[in-house]
Amino acid sequence: MSTFVSHITADLAQKALPASTSPLTDVDGDIQIASTSISNGNKENLRGLFIKLEHSTSLHALKECIDALQTLEHHEQLLSARAADDEELTLRRAILARLTLGLYAEALSTYLYEASEAEAELEWWSDLGRSRRYAAYYLLQTLPLRVASLTRTLLSTLRSHNIPFQLSVLKPSSLRQLFPSHGTLRPNALTLALFPHLHNQPYNIALTASKGPPDFTLTSSPKKAASSAYGVFLQTFSNIARAGSTLATLPVELARSECKFKRRELERIRDERAEVLGVLVELRDQLSTALEDDDHDRAVAGIAQFTALLQAVVDGEHAMSPTAPHQLSTDGVVDHLSMLANYTLPSHISLHSAELKSGQLRRPSRLTLLWPRLVFLPPLALYAVRTAYASRASLHELAREAVETAKSFWESWILEPLRGIIKTVRAGHDDGVIVTRESVRADLNSLERMTLALAQDKLHYEQPELAALSRQVQMGDLTAVMRIYEEDIKNPMRSAVQGTLLRSLFIQLQKAKVDINQALSGIDKLLKSQELTFAFVGVAPALAIVYAFVGYLRNLWTGGKGRGRHGGKAKRGSVWLTIRRIERLLVAHPDAHHQRAHPTVAALSTRPATAVSPLTSGLLLLSVTHLRKYAETTLPANSHLREGFLEDVADLEDPRLGRADKLRVVDRMWRSWGEVLGWGRVAA
């Protein structure tokens, strides 16, 4: 039993308990007999049936209990209210309620499973038909089955015409005589053997959809005649090329057409089962009312009416008029249950399986899907092994170089920069990057000595004046030297001969060198302040490459298998599609593929305008079942995420909520779980 069925019938199981459970807890206790017409053994049999239903509600256990109850009814007349005491009535009502609830749950499970199976197969065929490549591979996978069907058709036709099998039969002319076509592009028996879906679908693939060749008109002008002939040639060549392309891709297009046909058939089956599932969910309130009724006769009559409706829904009968509770015979409840458990449900399951099998609507067997790999992979693997063995020397060299490259990349571009970063963080470097501190100090001291020597020789400075000049030089002020230079350039030749002009020029050159070194020292300090940044920038590309490679390996290992956080991207994408489908169902109600009427149309109360139709309700339950399965198998156990998600799923399953309420629940799920489960990133 699915979790949804357990959830929807949990409170009904509590209502099906008898009013007083004391007689049921002790089968061997003292039994107070209120009527001499009922023996103690009969009551013990009823208790045993109820206890058996408490432990198991499978279809086999329900059948056994119904058969045992029928035996008691026919031989001991246990369903006679006038011959039973209060304890007997309580036991009988509890057993009938348990049986009815068990069959109701079994019907829900059956239709839910059938609709889910049809939807799963539908999605498989839909994915297959979207791509020509997938359709071509599917054609290859099913080629042995098609050839076998073609062979059976050919042999049966030859046998029916009393023609022995010979190779000449396989000639095109002989095949045309054996399998004549009834019209242009109409499928014959051989085509139907290869593509059985053409029995039910028009053969609507034309060889060409192009226009006919243009009229060729003879004119007196040779130029126009040549142009017209060239146009006719191009059009004819284009038509032939298009027809050839269509013929070449015709098998693939027929395979895609087969996938689409099976998808439509499965949609019809899914919608039929989903609509019945929605009707069954609507019957829940009627069953709950019957189980809650305190009056025994009304309760049994309500159960009888419910079993009749359940029987009609499963049988697919047309709408019937509601029957008043007092018009129903309570003696027929067990007969209805027996018919439902022994004939209706099993026959429905068999018919459903036969329908899928006869229409070949299920996906092919696993062997059919795997035979191309089993046939082609071993030779390809053997060829690859032989090729690799023949070029083992070059492969060994290539592997060695790859290992050396990876090792060099790891050591030179990752470990060494990381060691440099750690060293920078721990101690740093006192040495400059461009110039050293000692070099700048030496140049400044040389400038100071040169300036002081010139001032002492030329200006005859004393010790206090020299000390003041030294401080000015340290601050970059060479006013005294510049005054000497200004005097020297008035008579450059004489100053050059005497030497003071050259000395002042050399001092200015030294001053320029000191300024340059100080500027470089400032740049050096700037670089040193950003040394850690430059170190991280240097190692960032290598780390990015490693991160991308590790992420690729992780996605290859976990993403392809549907694992990862919250089930992986594949499962989260499936849940995103399911939520979108639920919202679409609530906004735009789908139309049924049939004109089937259900008994509840006349038997149940009028549905409000805001209520959900049975088909929409059934399709909604299919999607919600997928959400519940995802939450129970993927989300973390005992977490707020899982509990909140399951609460929203329960609100969507609640048949008492209308369309507007469920749309608000869907909106809440988008707001609450869209960011957590990454639906926005999955959809992108």
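Begin with asparagine 162, which is placed in the loop between α7 (143-160) and α8 (172-178). The model is a predicted one, and in it the phi of asparagine 162 is near 55°, a positive value in a residue other than glycine. Is asparagine 162 buried or exposed? With a relative accessibility of 70%, asparagine 162 counts as exposed, because the cut-off for that class is over 50%.

Next, select glutamine 360, in the loop between α13 (333-358) and α14 (366-390). Glutamine 360 also is not a glycine, yet has a positive phi of about 50°. Its relative accessible area is 45%, so glutamine 360 is classed as partly exposed.

**The whole chain**

Now display the complete protein as a cartoon. The secondary structure consists of 27 helices and 0 strands. Of the 684 residues, 38% count as buried. Among contacts with a separation of 6 or more, 77% join residues 24 or more positions apart.

**Helix α5 and its partners**

Select helix α5 (residues 86-129) together with helix α1 (residues 3-15). The axes of these two helices come within 10 Å and cross at roughly 165°. That angle makes α1 roughly antiparallel to α5, and the crossing is right-handed. To see the contact, show side chains: Phe4, Val5, Ile8, Thr9, Leu12 and Ala13 in α1 meet Arg98, Leu101, Tyr104, Ala105, Leu108, Ser109 and Leu112 in α5. By class, this contact of α1 with α5 comprises 10 nonpolar, 2 polar and 1 charged residues.

On the α5 side, the contact is made by Leu89, Arg92, Arg93, Leu96, Ala97, Thr100, Leu103, Tyr104, Ala107 and Tyr111. The α12 side contributes His296, Ala299, Val300, Ile303, Phe306, Thr307, Leu310, Val313 and Val314. Which classes make up the contact of α5 with α12? Its residues divide into 14 nonpolar, 3 polar and 2 charged.

**Two residues within α5**

Select arginine 93, found in helix α5. Which residues does arginine 93 touch, leaving aside its neighbours within four places in sequence? The contacts are Ala290, Leu291, Glu292, Asp293, Asp294, Asp295, His296 and Ala299.

With a relative accessible area of 8%, threonine 110 is buried. Leaving aside neighbours within four places in sequence, threonine 110 is in contact with Leu345, His348 and Ile349.

**Cysteines**

Cysteine 65 has a relative accessibility of 1% and so counts as buried. Cysteine 259 is likewise buried, with a relative accessible area of 0%. How many disulfides does a search of the whole structure find? The search finds 0.

Technical notes
Residues numbered from 1 in each chain as written. Predicted model: local features only at pLDDT ≥ 70, side-chain atom pairs only at ≥ 80, totals over all residues. Heavy atoms only, no water. Axes fitted to C-alpha atoms, helices over the stretch in contact; angles between N-to-C directions. Helix = DSSP H or I, 4+ residues; strand = E, 2+ residues; numbered from the N terminus. Parallel < 35°, antiparallel > 145°, perpendicular 65-115°, else oblique. Left-handed = near helix turned anticlockwise from the far one by under 90°. Contact = heavy atoms within 4.5 Å. Nonpolar A, V, L, I, M, F, W, Y, C, P; charged D, E, K, R; others polar. Disulfide = S-S within 2.5 Å. Buried < 20%, exposed > 50% of the residue type's maximum accessible area, 1.4 Å probe, protein only.
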